[in-house]
Amino acid sequence: MTFILPELPFSYNDLEPHFDAKTMEIHHSKHHAGYTNNLNNAIKGTSLEGESIESILKSSNLSSAVRNNAGGYFNHCLFWEILSPSPSPCSDEFMTIINKAFGSFDEMKETFSKAAASRFGSGWAWLCFNNGELSICSTPNQDNPLMESECGGTPILGLDVWEHSYYLHYQNRRADYINAFWNIINWSVVESKYRACL
Ligand code: MN
């Protein structure tokens, strides 16, 4: 069994003006495709071949090739899934859960945006289901909360803050890219990932 680059559920230009078509095309067809191929090569003939991506991420003592590419494969799969050109808003039920965890939706947004903005260099910001609670954190490189990392829990929302995800359109303005992200989040998918953790 090998991992396969998932098709995007929308076209490269569908997320404009928030995420531009050229960035989406390179991000999916070059970067994500690269992580996928490199992951398949890195696990070939090892005991990890045939394991699920979650099981690989949770394994200890991963080689850097497996860690980076398994993370890159999983993180981008999740990223495409939670984006939509016609995003569904946060439901009243999930809003109540967010309010309880963070005080308000705006406070959650602010904490998440700060985690994304303050990640030095390349990495990701995450909203996680962690021991029955919602939590926010950030990881470097292609790490994620399923691994032994700075975060814990199961990621239900993630934002890529590698420069390859925004530099063509936003150049050094990572904060503008983070702001744009909030316009294209499909909250029904985030909520279903939360419910799957219960
Ligand atoms: Mn990326």
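Q: How are the donor residues of the manganese ion spaced in sequence?
A: First, a bit of background: this is a predicted model, where local features need pLDDT of at least 70 and side-chain atom pairs count only at pLDDT 80 or more, while totals for chains, interfaces and linings use all residues. Residues are numbered from 1 along each chain as its sequence is written, and side-chain values use heavy atoms, with hydrogens and water left out. Donors are N, O and S atoms within 2.8 Å of the metal (3.2 Å for Na, K and Ca), and sites may look incomplete, as water is not among the atoms. For the manganese ion, the spacing of the donor residues reads H-x48-H-x83-D-x3-H.

Q: Which residues coordinate the manganese ion?
A: The donor atoms sit at 1.9 to 2.1 Å from the manganese ion. Histidines give NE2 and the aspartate gives OD. The residues are His27, His76, Asp160 and His164.

Q: Is Asp160 buried or exposed?
A: Buried means under 20% relative accessible area, exposed means over 50%, and partly exposed is in between (1.4 Å probe, protein chains only). His164 has 18% and is buried. Asp160 has a relative accessibility of 0%, so Asp160 counts as buried.

Q: Which cysteine sulfur is nearest to that of Cys197?
A: Cys197 takes part in no disulfide. With a relative accessible area of 24%, Cys197 is partly exposed. At 9.1 Å, the nearest cysteine sulfur is that of Cys128.

Q: What is the order of the strands in the open sheet?
A: Two strands pair if DSSP finds at least two bridges between them. The sheet has three strands with antiparallel pairing. E2 and E3 stand at the edges with a single partner strand each, so one side of each has no neighbour in the sheet. The order is E2-E1-E3.

Q: How many bridges join E1 to E2?
A: E1 and E2 form a hairpin with two residues between them, and Asn131 in the turn has a positive phi of about 50°. Asn130 has Glu133 in E2 as its bridge partner. These two antiparallel strands are joined by bridges numbering eight.

Q: In E3, which residue is the bridge partner of Cys128?
A: Strand E1 (residues 123–130) pairs with E3 in the antiparallel sense over six bridges. Phe129 stands opposite Thr154 in E3. For Cys128, the bridge partner in E3 is Pro155.

Q: How many of the eight residues of E1 are buried?
A: E1 is largely enclosed by the rest of the structure. That is because its eight residues include buried ones numbering seven.

Q: Which residues are buried in helix H4?
A: H4 runs over residues 92–102. On the other side of this helix, Asp92, Thr96 and Lys100 are exposed. The buried ones pack against helix H5 (105–118), E1, E2, E3 and H8. They are Phe94, Ile98 and Phe102.

Q: Which residues does Leu8 touch, not counting residues up to four places away in sequence?
A: Leu8 sits in the segment before helix H1 (21–43), and its 13% relative accessibility makes it count as buried. The C-alpha atoms of Leu8 and Trp80 are separated by 6.6 Å, although the two are 72 residues apart along the chain. Contact means heavy atoms within 4.5 Å, and on that basis Leu8 touches Met24, His28 and Trp80.

Technical notes: A disulfide is a pair of cysteine sulfur atoms within 2.5 Å. Helices (H or I, at least four residues) and strands (E, at least two) are DSSP runs, numbered from the N terminus.
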